[in-house]
Amino acid sequence: MMLRRLYDWTMDLAAKPNAMLWLAVLAFAESSFFPIPPDVLIIPLVLAFAWPLIRPSILAPLALFVLGLMLDLLLYTPLGLWGLVLLCVYAAILVSRNFLMGQETRVLFVWYTVAVLGAFFLAYV
């Protein structure tokens, strides 16, 4: 319901003669609230989820920790926070690997969603 009202409000603004001004204002607001594209966080989380399922190895935790350190430097978070979060996701999926192997794609998407929510809970709470 709320998204529909927001959509209608945006479409009303687009119909006005000063629509270009409103487009600039909305684009500036969006770039201010979301300055970092979500791909920066999604790629390491996908790796932390997929590596233990596809091919667990010694190299994966090291690479995830280095990716986490790079995220910490990029996001100005305490050094080691995202490295630890990615290692926790990796460990949780590695422990549940026997259950997840051979599951339907929908089940894997649910587990990935739970892993991402857990990662953000660990990082921001």
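A residue counts as exposed when its relative accessible area is over 50%. By that cut-off Tyr76 is exposed, because its relative accessibility is 76%. The structure described here is a predicted model.

**Tyr76 and the end of α4**

- Tyr76 lies in the loop between α4 and α5.
- This residue comes after α4 and has a positive phi, near 60 degrees.
- Most residues other than glycine have a negative phi.

**Helix α4**

- The 17 residues of α4 should span 24 Å at 1.5 Å a residue, and the 24 Å between its end C-alpha atoms agrees with this.
- Buried positions in α4 are Ala60, Leu64, Gly68, Leu71, Asp72 and Leu75.

**Helix α7**

- Helix α7 comprises residues 105-124; its 20 residues should span 28 Å at 1.5 Å a residue, in agreement with the 28 Å that separates its end C-alpha atoms.
- Tyr112, Ala115, Val116, Ala119 and Ala123 are the buried residues of α7.
- Their arc around the axis is only 100 degrees, so they fall on the same side of α7.
- Exposed residues on the other side of α7 are Arg106, Val110, Val114, Leu117 and Phe121.

**The largest nonpolar core**

- In soluble globular proteins, nonpolar side chains tend to be buried together.
- The largest nonpolar core in this model contains 21 residues, and Leu45, Phe49, Trp82, Val89 and Ile93 have the most contacts inside it.
- Two or more residues of this core come from each of α3 (39-54), α4 (59-75), α5 (81-95) and α7.
- The element that gives the most to this core is α5, with six residues.

**The largest pocket**

- The volume of the largest pocket is about 260 Å³.
- Its lining is made up of 14 residues, and those nearest the centre of the pocket are Trp9, Thr10, Trp22, Leu26 and Ala27.
- Helices α1 (2-15) and α2 (19-33) each contribute at least two residues to this lining.
- The largest share of the lining, eight residues, is supplied by α2.
- Classed by residue type, the lining consists of 12 nonpolar residues, one polar residue and one charged residue.

- Ala29 belongs to helix α2. Its relative accessible area is 23%, and Ala29 is therefore partly exposed.
- Between Ala29 and Arg55, which are 26 residues apart along the chain, the C-alpha separation is 42 Å.
- Met101 is found in the loop between α6 (97-100) and α7. With a relative accessibility of 43%, Met101 is classed as partly exposed.
- From Met101 to Pro78 the sequence separation is 23 residues, and the C-alpha atoms of the pair are 34 Å apart in space.

Note on methods. Residues numbered from 1 in each chain as written. Predicted model: local features only at pLDDT ≥ 70, side-chain atom pairs only at ≥ 80, totals over all residues. Heavy atoms only, no water. Helix = DSSP H or I, 4+ residues; strand = E, 2+ residues; numbered from the N terminus. Expected span 1.5 Å × (residues − 1). Buried < 20%, exposed > 50% of the residue type's maximum accessible area, 1.4 Å probe, protein only. Arc of directions from axis to C-beta. 1 Å grid on protein atoms, 1.4 Å probe; cavity = no way out; pocket = protein on both sides within 12 Å on 5 of 7 lines; lining within 4 Å. Points joined across faces, edges and corners; volume = space filled by probe spheres on them. Nonpolar A, V, L, I, M, F, W, Y, C, P; charged D, E, K, R; others polar. Core = buried A, V, L, I, M, F, W, Y, C linked by side-chain atoms within 4.5 Å.
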